[in-house]
Protein chains: 2
Amino acid sequence: MPLPTTAHLAARHGRIHQALDELSLGALVVTAAANVRYLTNHAGSAGVLVLTRDAAHLLVDFRYREAVERLQASAAACPDLRVWDVPASYDEALLGCLQEIGATVVGFEAAHVTVARHDWWQRNTQGRQLGIGFRPTERVVERARIVKDGSEIETLREAARRLDAVAEAALGAVRAGVSERQVAAAVEAAMREAGYERPAFDTIVASGPHAALPHYRAGDRMLAAGDLVVLDFGGVLDGYCCDVTRTVSIGPPSPEARRLYTAVYDAQQAALAAVRPGVETSAVDAAARQVLEARGLGAAFGHGTGHGLGLDVHEEPRITRPRADVPSVPLLPGMVFTIEPGAYLPGFGGVRIEDDVLVTETGCDVLTAVPRELVSL
Amino acid sequence: MPLPTTAHLAARHGRIHQALDELSLGALVVTAAANVRYLTNHAGSAGVLVLTRDAAHLLVDFRYREAVERLQASAAACPDLRVWDVPASYDEALLGCLQEIGATVVGFEAAHVTVARHDWWQRNTQGRQLGIGFRPTERVVERARIVKDGSEIETLREAARRLDAVAEAALGAVRAGVSERQVAAAVEAAMREAGYERPAFDTIVASGPHAALPHYRAGDRMLAAGDLVVLDFGGVLDGYCCDVTRTVSIGPPSPEARRLYTAVYDAQQAALAAVRPGVETSAVDAAARQVLEARGLGAAFGHGTGHGLGLDVHEEPRITRPRADVPSVPLLPGMVFTIEPGAYLPGFGGVRIEDDVLVTETGCDVLTAVPRELVSL
């Protein structure tokens with residue numbers, strides 16, 4: 001997929017400039033790798049960005065120098081970029097940059113800077129009398145990222161679309177007598193084949209009793225007749241994550257397995273039907289939860305209904321019950337997230353069904369097209 | 001591989017208990033996932049541990065409850081474990097636990113707790129007058145992890161040993177006309193086949209000019225005659241990471257490519273020869289660096305010589321030039337790290353050769369057995 005262009009990045013910078021004004025900050029130090037990438041297209045695992053009203057100061061070490069030069073010679077160049085060399089410590093280089101550009105009131109990402117790092121900044125700015133004050137900020141870049149722009153939607157659509165072929169390969173590998181790990185290997189080979197740069201998370205193949213463990217990964221257990229098998233996988237395409245879950249039956253499902261599947265299926269349909277602009281994230285969660293509660297499966301659904309997708313595989317918005325630390329927010333067109341209710345019965349097994357959706361002006365587009373009916377293999 | 005046993009974990013707890021005494025702490029809150037795993041065998045992506053002199057309080061949510069119960073019924077059970085249920089927020093549950101056990105002077109991992117999280121703890125302990133004081137600590141568990149115990153060495157040896165078969169598959173996939181991405185797919189399929197649970201990091205296949213970018217991953221470039229190709233990969237086996245790099249030539253190498261390869265090879269040999277107990281990490285780095293400097297390649301070697309391996313793919317010790325933020329430490333038997341000098345010439349290409357070593361009583365064991373001579377394919 002084409003990278004976001006200079007124009008996309010300029011629009012993103014504009015949203016951060018506005019936040020700088022609102023918060024009376026001269027600069028924002030961006031340290032979360034996904035946030036640095038969002039604002040610069042620099043995809044390295046290291047790199048610090050200092051964004052001011054008139055420049056994007058990117059601090060990178062030797063390993064990334066040539067990659068950044070290439071980027072700047074392309075249509076995906078970061079506007080107003082100034083590259084700063086990091087010969088040794090990123091924190092030393094950061095203080096040098098802030099001093100040279102004359103920043104005094106500097107925001108930082110409180111959710112991404114450790115206490116140890118912040119202490120070092122404080123000690124060294126005070127010790128050297130640099131006259132720099134650090135101010136904690138919350139979710140400045142994340143708030144911008146929560147609504148996807150055209151470039152991101154194009155990439156997320158394509159990422160989700162390619163899961164079709166992967167799901168086909170996954171179902172082809174599922175049969176009695178193969179191990180969970182072998183199925184996971186087939187899934188990941190198919191993801192590479194489909195052009196994903198890597199899995200977005202550890203592939204889950206949870207069979208039989210393991211299907212009752214929502215975050216089990218894949219082990220040596222051999223799939224056996226009568227199992228429900230939860231397959232949860234996703235890939236990263238040009239930095240953007242997709243995520244899908246299907247649950248299949250090895251041989252004809254038992255009445256109990258079918259009941260569980262139908263309940264989760266209906267819960268997912270209810271949540272999908274609830275998605276449209278203005279609806280609260282907590283209401284989408286409630287739509288799924290009420291269906292499961294009505295079937296006596298409320299306690300069997302212990303996790304949230306979904307999570308945002310983007311440069312991170314778990315980002316905002318969170319589709320959960322409202323909690324002090326996860327406030328409910330109204331949906332906006334351009335948000336992309338998963339809808340993934342599940343029900344887990346210890347000892348018996350479990351079912352989860354997950355799709356990726358884009359909020360549109362009137363409702364939602366389901367980006368993942370993998371068939372959703374219970375398949376017996 | 002068998003998991004660390006209750007006895008291994010008890011010995012690890014013993015080292016932390018000693019640190020609690022030295023630091024006059026009643027409890028240590030462990031939030032880094034690898035540190036939680038090291039002390040409990042709990043391998044979930046969430047989980048907080050509160051370690052006191054007489055108990056290991058593990059806070060986990062619904063998703064991990066059953067997995068923890070299974071663990072506790074096995075030979076890998078965590079000693080003195082008390083499981084605390086996390087119904088919603090980990091931080092709420094943490095304050096509840098600390099209050100109930102009567103902890104007042106509580107250490108936390110300053111390098112793993114964000115400013116935002118710490119602020120929340122402070123605000124809520126003060127607001128509720130809980131009488132809990134949080135004290136930053138540095139590297140308490142990391143210091144214990146830097147020397148591997150018998151269980152860890154066994155797993156790290158096996159993890160490195162299995163790279164042999166992966167390297168063979170990698171070399172089998174390298175030829176003119178295939179893309180970097182296809183080679184990376186073959187490497188990752190071979191890693192799954194060899195039993196690794198996942199790649200330890202994004203596989204690097206950097207060909208031709210890309211080989212001059214030390215942290216390039218793998219793209220659409222087709223391998224071509226005359227290329228040097230840097231292959232850097234590793235897997236995770238039962239949580240433990242291995243990491244190897246080989247550089248191969250497509251067709252006969254040019255004299256310049258051969259010169260570069262020989263310089264890096266000799267630098268690596270010099271570093272390997274320097275490894276034994278009591279030698280400083282900076283001296284191992286210097287051994288490699290001096291060889292490259294003597295060949296006029298000092299500036300072409302912009303990164304450190306190596307990094308520790310364990311539950312993290314980059315951990316202590318760091319084999320680098322001494323820096324304020326990365327102090328040099330004397331080697332001890334049981335340390336495991338990479339030796340990976342490289343030389344990168346923009347526009348031309350690059351060479352890196354990387355092996356994993358275990359410090360023994362008298363020198364080191366090289367854990368990776370992949371042939372190290374320049375291969376032409």
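B:Asn41 is found in the loop that lies between α2 (33–40) and β2 (48–51) of chain B, where helices (H or I, at least four residues) and strands (E, at least two) are DSSP runs numbered from the N terminus. This is a predicted model, in which local features need pLDDT of at least 70 and side-chain atom pairs count only at pLDDT 80 or more, while totals for chains, interfaces and linings use all residues. Residues are numbered from 1 along each chain as its sequence is written, and chains are lettered from A and ligands numbered from 1 in the order in which they are written.

Although B:Asn41 is not a glycine, its phi is positive, at about 70°. B:Asn41 counts as buried because it has 22 C-beta neighbours inside 10 Å; a residue is buried if 20 or more other C-beta atoms lie within 10 Å of its own, exposed if 12 or fewer, and partly exposed in between, with C-beta atoms placed from the backbone. B:Asp80, in the loop between α3 (62–72) and β4 (81–86) of chain B, also has a positive phi, near 55°, and with 15 other C-beta atoms within 10 Å it is partly exposed. Most residues other than glycine have a negative phi, and most peptide bonds are trans. A cis peptide bond, with omega about 0°, joins A:Glu316 and A:Pro317, and A:Pro317 lies in strand β14 (residues 315–319) of chain A. In chain B, a cis peptide bond joins B:Glu316 and B:Pro317, where omega is about 0°.

## An open sheet in chain A

Six strands of chain A form an open sheet with mixed pairing, in the order β4-β3-β2-β1-β5-β6, two strands being paired if DSSP finds at least two bridges between them. Its edge strands are β4 (81–86) and β6 (133–137), each of which pairs on one side only. Strand β1 (residues 27–30) and strand β5 (residues 105–109) of chain A run parallel and are joined by three bridges, with A:Ala27 standing opposite A:Val106 in β5(A).

A:Ala343, found in strand β16 (residues 342–345) of chain A, is buried, with 26 other C-beta atoms within 10 Å. The C-alpha atoms of A:Ala343 and A:Leu260 are separated by 7.0 Å, although these residues are 83 residues apart along the chain. Leaving aside neighbours within four places in sequence, the contacts of A:Ala343 include A:Leu260, A:Val264, A:Leu292 and A:Phe301, contact meaning that the C-beta atoms of two residues, placed from the backbone, lie within 7 Å.

## Two chains and their contact

The contact takes 38 residues from chain A and 39 residues from chain B. On the side of chain A that touches chain B, α3 (65–72), α5 (115–127) and α9 (180–193) of chain A each supply at least two residues, and α9(A) gives the most, with five residues.
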